[in-house]
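The following note was prepared for a colleague who has asked for a reading of the model before discussion. It takes the points in turn.

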There are 2 protein chains.
Amino acid sequence: MSVPISVSPVVPAQPQVAQCCAPLQTTTLGAQEAAELAARFAALGDPVRLRLLSLLATSTHGAVCACDLVEPVGKSQPTVSHHLKILREAGLVTSERRGTNVWYAAVPAAIESLRQTLAAGS
Amino acid sequence: MSVPISVSPVVPAQPQVAQCCAPLQTTTLGAQEAAELAARFAALGDPVRLRLLSLLATSTHGAVCACDLVEPVGKSQPTVSHHLKILREAGLVTSERRGTNVWYAAVPAAIESLRQTLAAGS
DNA sequence: CCTTAGTATCGACGTTTGTCGATGGAGTGC
DNA sequence: GCACTCCATCGACAAACGTCGATACTAAGG
């Protein structure tokens with residue numbers, strides 16, 4: 001379990017997921033745009049990943065130790081690690097090593113980017 | 001192909017996808033909430049479906065004949081039909097028979113619902 | 001060192017998914 | 001009725017996915 005010592009706000013700024021695509025309702029998606037976008041939505045297409053992301057996004061500290069993510073979602077440690085990797089590769093989450101532990105944090109900008117893709121056309 | 005005759009705005013109002021879940025960043029998702037949400041995001045997690053939805057959402061008529069959706073995405077007719085079914089079951093799209101053809105339309109409210117799930121927490 | 005705790009990776013397994021050709025059903029027009 | 005078009009469903013197949021136990025790796029502490 002994570003030790004609550006020296007808790008400085010851990011919210012590592014991140015490479016930024018470039019705004020890949022215009023809103024769905026503005027332009028018809030090209031094949032490549034669609035592929036990139038789909039990959040990111042697919043990352044949200046799993047209950048466990050959604051719960052993980054939710055846990056990170058609601059964290060008051062801005063980040064959560066991986067060790068504190070296993071029990072809440074009720075899956076094995078390897079499975080949780082696997083899902084965190086997918087979220088990280090989708091740019092929705094960042095990780096930072098702190099000694100033995102790894103702290104994960106949500107990337108608000110990436111979520112916002114996805115959100116804008118669903119924005120209504122005016 | 002669809003015949004452009006008697007084009008009255010075809011936008012059948014729909015059962016409404018109830019606002020399933022609070023924003024990710026507000027409350028930590030329960031198992032069931034996460035499952036429902038994930039199912040809807042998963043519907044967006046495929047390039048073909050994303051392009052289909054994009055085609056529908058950008059349609060000036062508000063709806064598109066299924067026959068006009070096959071060629072743009074470059075997949076076989078059964079495959080397109082399959083994806084349209086998934087979008088329909090996710091509540092993102094509606095279908096309406098018009099003679100031999102079936103017209104599909106995006107459901108803005110469902111998309112907006114998903115969008116709000118990604119909303120930042122103030 | 002050696003042990004211990006926290007993570008990531010590997011290998012394997014069953015399930016789900018995307019895809020297509022073939023087929024069936026619904027509707028139109030002759 | 002018959003032929004034709006459009007669409008959905010079926011059956012099959014390969015690929016991708018979610019899951020776990022076992023294992024390797026990394027960092028801290030005796």
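The points below concern a predicted model and treat the relation of the chains, their interface and the sheet in each chain.

1. Relation of the two copies. Chain B is superposed on chain A by a rotation of 180 degrees with 0.0 Å of shift along the axis, and the RMSD is 0.0 Å. This is the relation of a two-fold axis. In general, two copies of a chain are related by a rotation about an axis and a shift along it.

2. Surfaces used. Of the interface residues of chain B, 100% are also interface residues in chain A, so the copies meet through the same surface. In the contact, 30 residues of chain B meet 30 residues of chain A.

3. Extent of the interface. The area buried between chain B and chain A is about 2,600 Å², and 73% of it lies on carbon and sulfur atoms. Three residues, B:L24, B:R115 and B:L118, provide 22% of the area that chain B buries against chain A, more than any other three residues.

4. Elements and composition. On the side of chain B that touches chain A, at least two residues come from each of α1 (31–43), α2 (47–57) and α5 (108–117) of chain B. By class, the residues of that side of chain B comprise 19 nonpolar, eight polar and three charged.

5. Polar and charged pairing. Which count describes the salt bridges across the interface of chain B and chain A? The rule finds zero salt bridges there. Polar contact does occur between chain B and chain A, in eight residue pairs with both residues at pLDDT 80 or more.

6. Sheet of chain A. Chain A has an open sheet of three strands, ordered β1-β3-β2, with antiparallel pairing. Its edge strands are β1 (64–65) and β2 of chain A, each of which pairs on one side only. Two bridges link β1(A) with β3(A), and these strands run antiparallel; within β3(A), A:W103 is the bridge partner of A:C65.

7. The β2–β3 pairing of chain A. Strand β2 (residues 93–98) and strand β3 (residues 101–106) of chain A run antiparallel and are joined by six bridges. Along this pair, A:T94 has A:A105 in β3(A) as its bridge partner, A:E96 stands opposite A:W103, and A:R98 stands opposite A:N101. The hairpin of β2(A) and β3(A) has two residues between the strands, and in it A:G99 takes a positive phi near 70 degrees.

8. Sheet of chain B. What is the strand order of the open sheet in chain B? The order of its three strands is β1-β3-β2, and the pairing is antiparallel. The edges are formed by β1 (64–65) and β2 (93–98) of chain B, each pairing on one side only. β1(B) is joined by two bridges to strand β3 (residues 101–106) of chain B, with the two running antiparallel; B:V64 has B:Y104 in β3(B) as its bridge partner.

9. The β2–β3 pairing of chain B. Six bridges connect β2(B) with β3(B), and the strands run antiparallel. One of the residue pairs is B:E96 with its bridge partner B:W103 in β3(B). Between the strands of this hairpin there are two residues, and B:G99 has a positive phi near 70 degrees.

Definitions and conventions. Residues are numbered from 1 along each chain as its sequence is written. Chains are lettered from A and ligands numbered from 1 in the order in which they are written. This is a predicted model: local features need pLDDT of at least 70, side-chain atom pairs count only at pLDDT 80 or more; totals for chains, interfaces and linings use all residues. Side-chain values use heavy atoms; hydrogens and water are left out. Contact means heavy atoms within 4.5 Å. Buried area is the accessible area (1.4 Å probe) that two parts lose on being put together, summed over both. A salt bridge is a side-chain nitrogen of Lys or Arg within 4 Å of a carboxyl oxygen of Asp or Glu. A polar contact is a pair of N or O atoms within 3.5 Å; within protein, one must be able to donate a hydrogen and the other to accept it, and residues adjacent in sequence count only if both atoms are side-chain atoms. Helices (H or I, at least four residues) and strands (E, at least two) are DSSP runs, numbered from the N terminus. Ala, Val, Leu, Ile, Met, Phe, Trp, Tyr, Cys and Pro count as nonpolar, Asp, Glu, Lys and Arg as charged, and the others, Gly among them, as polar. Two strands pair if DSSP finds at least two bridges between them. Copies are superposed by least squares on the C-alpha atoms of residues with pLDDT of at least 70 in both.
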